[in-house]
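This report describes one protein model, heading by heading. Keep the sequence and the 3D view open while reading.

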Amino acid sequence: MSYDVEKPDEQWRAELTPAEYAVLRQAGTEPAFTGEYTDTKATGVYSCRACGAELFTSTEKFESHCGWPSFYDPKDTDAVELIQDRSHGMVRTEVRCARCGSHLGHVFDGEGYPTPTDQRYCINSISLRLTADES
Ligand SMILES: [Zn+2]
């Protein structure tokens, strides 16, 4: 697998904070209800904190009450990469940035949320950076 943006591990370590690195590059998960965008309702675009690719928009953000920012669809289908994740004794679908391969979170299907897709992209706040629309 190769990505448009590839950097040596030591460069990612230098560019990201330790907390960002742990999630984006080591597939960590921030604690629930602690991320800065969990309840954010501002309109704008959420970009990858590692490479700046535009990933999600506030239009697809919904209140899942799960403790992490949740989206029912990415901004563009090919903005994210989906990978089967068998870690922690579960089969889940990992969501990565398609440009740099950084870990964003997981996507869950069929949970019954009243959204157009019935999918929940459960994304770490620390993997994202919101650029709010000018008002
Ligand atoms: Zn990225």
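The sections below cover the basis of the model, a metal site, the strands and the nonpolar core.

## Basis of the model

This is a predicted model, in which local features need pLDDT of at least 70 and side-chain atom pairs count only at pLDDT 80 or more, while totals for chains, interfaces and linings use all residues. Residues are numbered from 1 along each chain as its sequence is written, and side-chain values use heavy atoms, with hydrogens and water left out.

## The zinc site

Four cysteines coordinate the zinc ion through their SG atoms: Cys48, Cys51, Cys97 and Cys100, at 2.3 to 2.4 Å. Donors here are N, O and S atoms within 2.8 Å of the metal (3.2 Å for Na, K and Ca); water is not among the atoms, so sites may look incomplete. The arrangement is tetrahedral because the 4 donor atoms subtend angles of 103 to 114°; four donors count as tetrahedral if all angles lie between 85 and 135 degrees. For comparison, the ideal angle for four tetrahedral donors is 109.5 degrees.

Along the chain, the donors follow the spacing C-x2-C-x45-C-x2-C. Cys51 lies in the loop between β1 (44–48) and β2 (54–57), and Cys100 in the loop between β6 (92–97) and β7 (103–109), so this pair ties together parts that are 49 residues apart in sequence. Strands are DSSP runs of E with at least two residues, helices are runs of H or I with at least four, and both are numbered from the N terminus. Both Cys51 and Cys100 are buried, meaning under 20% relative accessible area with a 1.4 Å probe, protein chains only.

## Strands

An open sheet of 6 strands has the order β3-β4-β8-β7-β6-β5, with antiparallel pairing. Its edge strands, β3 (61–62) and β5 (80–85), each pair on one side only. Two strands pair if DSSP finds at least two bridges between them.

In β1, 5 of 5 residues are buried. This strand runs antiparallel to β9, joined by 5 bridges, and Cys48 stands opposite Leu128 in β9. β1 also pairs with β2 in the antiparallel sense over 3 bridges. The two form a hairpin with 5 residues between them, and Gly52 in the turn has a positive phi of about 85°.

## The nonpolar core

A nonpolar core is a set of buried Ala, Val, Leu, Ile, Met, Phe, Trp, Tyr and Cys residues joined through side-chain atoms within 4.5 Å. The largest one has 25 residues, of which Leu55 and Phe56 touch the most other members. Elements that each supply at least two residues of this core include α2 (18–24), β1, β2 and β9 (128–132).

Beyond its neighbours within four places in sequence, Phe56 is in contact with several residues, among them Val45, Phe71, Leu104, Tyr121 and Leu128. Contact means heavy atoms within 4.5 Å.

How values were computed:
Tetrahedral: all angles 85-135°; square planar, octahedral: opposite > 155°, others 65-115°. Buried < 20%, exposed > 50% of the residue type's maximum accessible area, 1.4 Å probe, protein only.
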